[in-house]
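Welcome, and please open your viewer. We will walk through this structure one selection at a time.

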Amino acid sequence: MNAVERLQAAERSPLVDPRGRDVALSLLPGLSEDEISEMASGYATPLPAELVTLLGRTRGAAGLLDLDLTGESHSIEISELMPAGLPIAADGYGNFWLLDLTPDTTDVAPVFFACHDAPTLLYQAPDLATFVDEAIKTLEPPHRSQVDDVQEDRLFDVWNARPGALSRAAALASPDAALREFAESLGETWTIVDLRQRRVGMGLAWGAHGPRTRLARHGWERIFAYAPEEKGKRTWRRLGRRSRV
């Protein structure tokens, strides 16, 4: 079942939150071709075909994680990690789900969860259809959803355990050419996390060194890095403004 079919079925179905309260899901009108083209012009990467199809039917849904597929109602700044990130949903507590748009995401784009408490970036879903399905499951008994798993950092406990984190020295010694190239461009204090091959819940602690943590990404590759603030220099990071190119 694609995202459109799943949303339409949910709109017709009785939904209830984990506290037993009824929830009415209501699909919002879609965009015209001109509106979709205007939206696409604001990004340095193509909009995935899956997103374009969905936008033609609906721009989002009231009652479901503030789902706004245009990103217009969401505000987040995370461009160092996702230079063309498109925020599509929010949990109401200052945390957001984003499509990680790249030149290669012409068909579908993966969804990541950007959290500020604890400050982590976690992999949520391989595409919109999977994300929408898991989001709707939060409103269907028995309310078992990977959305909840990721929100609560249950699967890998990324903030505390830092799974997959590599020192610069370890990355330099890797047989992987991309990891070595990235490490060579960074200083000794950087920690690298490779999310090219990933499972739901994997991610990185983007605020590992506090609000002035430095962040980097290896081009469009999903290889990320973070480091403490350089001595004598200050940076500031916040989740606050929409990430758009």
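How exposed is Asp157, going by its relative accessible area? Keep in mind that this is a predicted model. Select Asp157 and show its surface: the residue is partly exposed, with a relative accessible area of 30%. You will find Asp157 in the loop between α5 and α6 (158-161). Now look at the backbone there, where Asp157 has a positive phi of about 50°, although it is not a glycine.

Next, select Leu65. Here too the residue is not a glycine, yet phi is positive, at about 50°. Leu65 belongs to the loop between β4 (60-62) and β5 (67-68). With a relative accessible area of 21%, Leu65 counts as partly exposed, because the buried class is kept for values under 20%.

**Two cis peptide bonds**

Most peptide bonds are trans, which makes the next two stops worth a look. Select Pro141 and Pro142: the peptide bond joining them is cis, with omega about 10°. Pro142 sits in the loop that runs between α4 (128-137) and α5 (146-151). Then move to Asp117 and Ala118, where the peptide bond is also cis and omega is near 0°. Ala118 is in the loop between β8 (111-116) and β9 (119-125).

**The sheet**

Stay with those strands and colour the sheet they belong to. What is the order of its 5 strands? Reading across, the order is β6-β7-β8-β9-β12, in an open sheet with antiparallel pairing. β6 (85-90) and β12 (203-204) are the edge strands; each has a single partner, so one side of each has no neighbour in the sheet. Zoom in on β8 and β9, an antiparallel pair joined by 6 bridges.

**Two helices side by side**

For the last stop, show α1 (residues 3-12) together with α4. Two packed helices are described by the angle between their axes and the distance between the axes. The angle between α1 and α4 is about 20°, and their axes are 8 Å apart. That makes the two helices, α1 and α4, roughly parallel. The crossing of α1 and α4 is left-handed.

Show side chains to see who meets whom: from α1, select Ala3, Arg6, Leu7 and Ala10, and from α4, select Ala129, Val132, Asp133, Ile136 and Lys137. Sorted by class, this contact of α1 with α4 has 6 nonpolar and 3 charged residues, and no polar ones.

Methods: Residues numbered from 1 in each chain as written. Predicted model: local features only at pLDDT ≥ 70, side-chain atom pairs only at ≥ 80, totals over all residues. Heavy atoms only, no water. Helix = DSSP H or I, 4+ residues; strand = E, 2+ residues; numbered from the N terminus. Buried < 20%, exposed > 50% of the residue type's maximum accessible area, 1.4 Å probe, protein only. Pairing = 2+ DSSP bridges. Axes fitted to C-alpha atoms, helices over the stretch in contact; angles between N-to-C directions. Parallel < 35°, antiparallel > 145°, perpendicular 65-115°, else oblique. Left-handed = near helix turned anticlockwise from the far one by under 90°. Contact = heavy atoms within 4.5 Å. Nonpolar A, V, L, I, M, F, W, Y, C, P; charged D, E, K, R; others polar.
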